[in-house]
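Hi there,

Here is the structure I promised to pass on to you. Please open it next to this message, and then read on for what turned up in it.

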Amino acid sequence: MGKHVVVGAGQVGGRVAEMLAEAGHEVVVVTRSGSGPDRAGITRVAAPAQDAAEMRRVAEGADALYNCANPKYHQWAQDWPPIADSLLRTAEATGAVLVALGNLYGYGPVDGPMTEGTPLAATGTKGRVRAEMWKQALAAHQDGRVRITEVRGSDYFGPGASDQSFLGGRFVGPLLAGRRAMVLSDPDIPHSWTYLPDVAAALATVATDERAWGRAWHIPTSPARSIRALAERLCDLAGAPAPRLGRLPGWALTAAGVVSPLLREMRETRYQFDRPFILDSSAFTATFGVTATPMDEALKETIASWRAR
């Protein structure tokens, strides 16, 4: 058993902290407010992730350091670089393996399935920020200064999904109640969806396996499905009425962005829903023998979690 420091206690950070504690590790959760899971085996610390000196103190003796921070969506360009730099320096100073929770933004618009070898060719601000974070971390690894790895998933769903999730409360709730759910684009375009418990499991896997270090990995993810197909299966498993989906027109998203920073920023990544957006996670499965949770099982857990609220 070892010491694991998790930065962030949101829909992923809190889950991976609990998973590590259940496995018997010493877990420290770091957030600005000191929030996080309240259970045996987890110590909660209030500290700013961009303070390298404080992070070094907290992470002293750690085996792994997880970057599961989640800056406000419209402040990525300002908030991510100092956090990434601080955690990279912390990993270098303490010897902890730096495990980053990444995403697919760095690839930018693509044609065909995304693999870990897909070029980081983002044209938008958020994608370029994420790509640069990875490039700097990888360079430090190649220089022998740190040990790093990163896992990348598609849009999250499952128990505990935040309101920012496309398959979160604004999607699952209305469908289970027989109401219309709004979507951003053509609901029949294939799209990959990554189950939250699989995200936490992937982070825990790569942190302790030397084969994972020095490269990025795609989180085990079920075969792509359209939003309509997913909605139909969700309602079928839940015994809910057939789904009714409404499409939010582009002009409405633009208009809403005038008053909502989140919706304004979503215009940059709308391309992910205007064409097939497919994640290939076969490398992770071939290397570590880990597969995605079957979609029916994931949807049943999602339904049960929503109904237990």
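This is a predicted model: local features need pLDDT of at least 70, side-chain atom pairs count only at pLDDT 80 or more; totals for chains, interfaces and linings use all residues.

Residues are numbered from 1 along each chain as its sequence is written, and side-chain values use heavy atoms, with hydrogens and water left out.

Let's begin with the sheet. Helices (H or I, at least four residues) and strands (E, at least two) are DSSP runs, numbered from the N terminus, and two strands pair if DSSP finds at least two bridges between them. Seven strands make up an open sheet with parallel pairing, in the order β3-β2-β1-β4-β5-β6-β10. The edges are taken by β3 (42-46) and β10 (216-218), each with a single partner strand, so one side of each has no neighbour in the sheet. On average, neighbouring strands here are turned by 20° against each other, direction ignored; axes are lines fitted to C-alpha atoms, for helices over the stretch in contact, and angles run from 0 to 180 degrees between N-to-C directions.

Within the sheet, β1 (residues 3-7) and β4 (residues 64-67) pair in the parallel sense over four bridges, and valine 7 has asparagine 67 in β4 as its bridge partner. Helix α2 (residues 52-59) packs on the sheet and touches β1, β2, β3 and β4 (contact means heavy atoms within 4.5 Å). Its direction makes about 145° with that of β1. Helix α1 (residues 13-22) also lies across β1, β2 (26-31), β3 and β4, running at about 170° to β1.

Further along, β5 (residues 97-102) and β6 run parallel and are joined by five bridges. Five of the five residues of β6 (residues 148-152) are buried, so this strand is largely enclosed by the rest of the structure. Here buried means under 20% relative accessible area, exposed over 50%, and partly exposed in between (1.4 Å probe, protein chains only). Ile148, Glu150 and Arg152 lie on one side of β6, with Thr149 and Val151 on the other.

Serine 185 sits in the loop between β8 (180-183) and β9 (193-195). Serine 185 is buried too, with a relative accessible area of 2%, and a polar atom of its side chain lies 2.4 Å from the backbone oxygen of phenylalanine 273.

Finally, the helix pair: α3 and α4 (residues 125-142) pack at an angle of about 10°, with their axes 10 Å apart. They are therefore roughly parallel to each other (angles under 35 degrees count as roughly parallel, over 145 as roughly antiparallel, 65 to 115 as roughly perpendicular and the rest as oblique).

Definitions and conventions: A polar contact is a pair of N or O atoms within 3.5 Å; within protein, one must be able to donate a hydrogen and the other to accept it, and residues adjacent in sequence count only if both atoms are side-chain atoms.
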